Amino acid sequence: MDPTRDEAPDAEAPPAPAETAEHTENTPLLTQEGAQREAALRTWLRDAKQAEEQREGGGRWDNVEWKGIPATRWLLGIGYMAAMAVCGIVLVALGSSLEDLAENCGTTSVEVGTVFVARGAGAMFGSASSAKVYKMYSGTSVMCSGLFFLAVVLTYMPFLTSTLVLHLCFGALGVCTAMLDTGCQIMTRKLHGREAGPWLGANTVAFGVAGAIVPLISYLTGSLFAQYAILAVFSAANGVLIYITPQPLPHQIPPPAVKKTTAGGKPEKQTYEIEMVLSVMVFWLVGGKVTSTAYFTEFVEETDLIPYDDATLLICVLWTAITLGRVAGIQDMRFLDLSKLYNHLLIFLVGGIIGMGMIALFPSLPLALWVGVGLYGFFNGPTVGYIYDLNNRATVPSELGMSIVMLGLNCGASLVPYGTSLLWEYTGAYSLIYIIMFSHIVPIPLMYVAKYIFENKQIKKDDPPVADSGISKQKTSTRKAVV
């Protein structure tokens, strides 16, 4: 018997289509485990190819790092800090120069206090709409447009002679700064992920540095136009920096600190209770800060505690202390866990109360004014940065969540100064001190409310429902009984 004749049919005859399919399904390389490995390998190869293409098409800064952080993240992080500084510039400049702006319009800063309502209306609109705007358009485009617009308005401000136009400009600046405030926080959290805490604190430092520089520029130049021209150039230059800096590659961006949870394979609906509580906290803290900037000059003029010529220097002391406090806060946040974060925030809130309490207890002592303002500035400085860090650690990054927090900030920056001007007319200048003190008292209970909400969410996330586990146990025991 010829062996080749017996083996020929098996070797040459093609198998039937049905048999081929059956043979393919039973091939060891294509078992379920093998298919999963093959799919994972293909995904890895595809991602590696995309990363390589991005490297080849990227700029020369893509592979440059310093302290483990890519150069593009450094440049954009600095750009966002500078954008936050522009917000501080606008906020402090409008407050510290309000008396000069009002004089150009033939009125006084107290009588024209309604400009803060106009700014508040603009800020509310800007904060409410910013989430949709940043979803619809590129964050870089929105921020650059806002910075260029601010440069134009700041250049025009010294030439105002109408209270109506002054109100319109304050409203427009409110919209624009609200967009920038929200954008700085959203873009910073997306850029740095779980490492965003110190960067968010650095944003507030930049805000404070701007606050200290603005009155210093006013003190040195003595010219309203020169002051606003310098600020406008800085705003435009910052817009150029953000526009020309390339975005980092996807693998260079750290993951977020908190990710969306899933239930049954589907993302759970995100709620914003913590953001709402933090929004009220920053409402009072920023509102008190803006109020002190806007009305300490008027306070000095009415009380005669120190020479009126030193009022600008007092504002400079305030914002220098704020800046020093924020720098100290950034260093502190680098080594804090969440439990210590609450305790340190409490210390700074109490410190601000003590600073204003000194002025209230010794109303006729000039030294108490200088020391009290310095203490308040130092302890108030890092509080908003701590709240931003708390928000980053306790919530999922989202445009809407950040808009809620920034809505409180911008509303406080407008409504608290306006409420102070109304109260001032009926109770006198020292109402300013008590309102600023109150702005540090309210956030203390709210901080514990936020802590309770976060811990309650963690308990629900970590512990499975008792009813479900009982049902599953009952089903398991039933199966065993049947078997």
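Helices (H or I, at least four residues) and strands (E, at least two) are taken as DSSP runs and numbered from the N terminus. The model described here is predicted, and local features need pLDDT of at least 70, side-chain atom pairs count only at pLDDT 80 or more, while totals for chains, interfaces and linings use all residues. Residues are numbered from 1 along each chain as its sequence is written, and side-chain values use heavy atoms, with hydrogens and water left out.

**A nonpolar surface patch**

Leu 365 is placed in the loop that joins α13 (338–361) to α14 (366–380). With a relative accessibility of 41%, Leu 365 counts as partly exposed; buried means under 20% relative accessible area, exposed over 50%, and partly exposed in between (1.4 Å probe, protein chains only). Leu 365 belongs to a nonpolar patch on the surface, together with Leu 361, Phe 362, Leu 367 and Val 371. The accessible area of these residues together is about 500 Å², as given by the Shrake-Rupley method with a 1.4 Å probe, where for residues only the protein chains shown count as cover. Patches are made of residues with over 30% relative accessible area and no salt bridge; like charges are joined within 9 Å, and nonpolar side chains (Val, Leu, Ile, Met, Phe, Trp, Tyr) within 5 Å.

Rolling a probe the size of a water molecule over the atoms shows where empty space is left. A cavity is a set of points, on a 1 Å grid over the protein atoms alone, where a 1.4 Å probe fits but cannot get out, and lining residues have an atom within 4 Å of a point. Grid points are joined across faces, edges and corners, and a volume is the space filled by probe spheres set on the points. The structure has 2 cavities of 30 Å³ or more, and the largest cavity holds about 80 Å³ of space. Its lining consists of Met 84, Thr 204, Phe 207, Val 286, Lys 289, Arg 326, Val 384, Tyr 388 and Leu 409. Two or more of the lining residues come from each of α9 (196–221), α11 (273–303) and α15 (383–394). By type, the lining has 6 nonpolar, 1 polar and 2 charged residues; Ala, Val, Leu, Ile, Met, Phe, Trp, Tyr, Cys and Pro count as nonpolar, Asp, Glu, Lys and Arg as charged, and the others, Gly among them, as polar.

Side chains of opposite charge can pair when their charged atoms come close. The structure has 1 salt bridge, a term for a side-chain nitrogen of Lys or Arg within 4 Å of a carboxyl oxygen of Asp or Glu. Arg 393 pairs in this way with Asp 389, and their closest N and O atoms are 3.0 Å apart. Both residues lie in helix α15, 4 residues apart, which is about one turn of the helix. Arg 393 is partly exposed at 23% relative accessibility, whereas Asp 389 is buried, at 2%.

Helix α17 (residues 431–441) is mostly covered, with 8 of its 11 residues buried. Among them are Leu 432, Ile 433, Ile 435, Ile 436 and Met 437, as well as His 440.

Asp 304 is found in the loop between α11 and α12 (311–333). Its relative accessibility of 62% makes Asp 304 exposed. Most residues other than glycine have a negative phi, and most peptide bonds are trans. Phi of Asp 304, however, is positive, near 55 degrees.

**Residue pairs separated in sequence**

The table lists residue pairs with their separation along the chain and their C-alpha to C-alpha distance.

| Pair | Separation in sequence | C-alpha distance |
|---|---|---|
| Gly 122 and Thr 177 | 55 residues | 9.1 Å |
| Thr 395 and Glu 275 | 120 residues | 7.8 Å |
| Cys 169 and Tyr 156 | 13 residues | 9.2 Å |
| Ile 453 and Ala 394 | 59 residues | 9.8 Å |

Gly 122 lies in helix α6 (residues 115–136) and is buried, with a relative accessible area of 7%. Thr 395 is in the loop between α15 and α16 (399–427), and at 5% relative accessibility Thr 395 is buried. Cys 169 belongs to helix α8 (residues 163–192) and counts as buried at 10%. Ile 453, in helix α18 (residues 443–462), is buried at 17% relative accessibility.

Key. On a 1 Å grid over the protein atoms alone, a cavity is a set of points where a 1.4 Å probe fits but cannot get out, and a pocket is an open set with protein on both sides within 12 Å along at least five of seven lines; lining residues have an atom within 4 Å of a point.
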